[in-house]
Amino acid sequence: MNDPIPSRYATRTPTGYIFTLSCPDRPGIVFALAQFLLDHECTIVECQQFVDPDAEKFFIRLQFEAAYDTSLDLAVLSADFDTVAARFGMSWHMSYASDKHRVLIMASKYGHCLNDLLFRAANGALNIDIVAVVCNHPDLGWMADNYNIPFHHIAVSPDTKSAAEDRLCELVDTLQVDLTVLARYMQILSPELCKQLEGKAINIHHSMLPSFKGARPYHQAHSRGVKLIGATAHYVTEDLDEGPIIEQEVARVDHSMSAADVTMLGRDTECMALSRAVRWHTENRVLLDGHRTVVFP
């Protein structure tokens, strides 16, 4: 195997703590949060909030640090916050900002999204640990090897689908995977697996669905003379390609482009939408709001 790619352009490792929560909207929420952080001698370094007026629901993402360079125990902070959370009916999550999500990437034969994520992780643009690459074809094994990432070829056929998914679940459990990314993985996951990965799996597809379903969607779009193409990154659910949308990217097409040009441009949009979705999810910037998402980029 080759040596790991050096992180020459690595971003600064975030410091402090990240706190996200959602709850029914009511007066006093922000005051209670600020009072809690003040009582624990913390200072807020970033804050984004949103109220969904239709659902009457409040969302917030806070990044905070110890005000006096003291060491704060995350378990103690979490335990102390339980009383506040219970008072407002909050769903919440608190973590160290420097924590890296353990990510498993799945692909088939198309390698553009896989390669993009591997490169961004290697150079520090994504603060993640890619713990494995799983493909239902062996073609992309060399790409994982280039980044010293363990590669697993798990073939899938109608007769082996159940066993293949069992093997995948075993890897997710054994490797303590936080997020599974379907980077152009050309297999439909079973409803049972989708349920198991709910909120912890992201998929990418071309935005033209459902207009151009099936094989060669960019060629179909080219033959219809579309003027915009794009891609959608969303959470995986058992409703195929209908999970909560995290990010979308579009690009303009003109009459001079060939089908190959449109395909290449479309693949660029897939890479951009997927990498942003992975980044925002692993930085705890995405909160679920029913079938929608609240994203604090």
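Reply: Glu249 and Arg276 form a salt bridge, with 2.3 Å between the closest N and O atoms. This pair joins distant parts of the chain, since Glu249 lies in strand E11 (residues 245-252) and Arg276 in helix H8 (residues 259-282), 27 residues apart. The model is predicted, so local features need pLDDT of at least 70 and side-chain atom pairs count only at pLDDT 80 or more, while totals for chains, interfaces and linings use all residues. Residues are numbered from 1 along each chain as its sequence is written, and side-chain values use heavy atoms, with hydrogens and water left out.

A salt bridge here is a side-chain nitrogen of Lys or Arg within 4 Å of a carboxyl oxygen of Asp or Glu. Helices (H or I, at least four residues) and strands (E, at least two) are DSSP runs, numbered from the N terminus. For accessibility, buried means under 20% relative accessible area, exposed over 50%, and partly exposed in between, with a 1.4 Å probe and protein chains only. Glu249 is therefore buried, at 18%, and Arg276 is partly exposed, at 25%.

Side chains of opposite charge can pair when their charged atoms come close. By the rule above, the count is 14 salt bridges. Another of them joins Lys195 and Glu198, at 3.3 Å from N to O. Lys195 has a relative accessible area of 54% and so is exposed, whereas Glu198, at 45%, is partly exposed.

Next comes the place where the domains meet. An automatic or database domain assignment sets the bounds, giving domain 1 (17-96) and domain 2 (101-295). Their contact (heavy atoms within 4.5 Å) takes 15 residues from domain 1 and eight from domain 2. The centres of the two domains, taken over C-alpha atoms, are 32 Å apart. About 790 Å² is buried between them, 51% of it on carbon and sulfur atoms; this is the accessible area (1.4 Å probe) that two parts lose on being put together, summed over both.

Two salt bridges cross this interface. Glu46 and Arg285 form a salt bridge with their closest N and O atoms 3.0 Å apart. Arg285 also meets Glu283 in a salt bridge, at 2.7 Å from N to O. At 11% relative accessible area, Arg285 is buried. Both pairs fall within a network of salt bridges that links Glu46, Arg61, Arg279, Glu283 and Arg285.

On the domain 1 side, strands E1 (17-24), E2 (42-52), E3 (57-66) and E4 (91-96) each supply at least two residues.

Ser95 is in strand E4 and is buried, with 7% relative accessible area. A polar contact of 3.4 Å joins the side chains of Ser95 and Asn284. Apart from neighbours within four places in sequence, Ser95 is in contact with Tyr17, Ile18, Leu74 and Asn284.

Technical notes: Polar contact = N/O pair within 3.5 Å; in protein donor to acceptor, adjacent residues only side chain to side chain.
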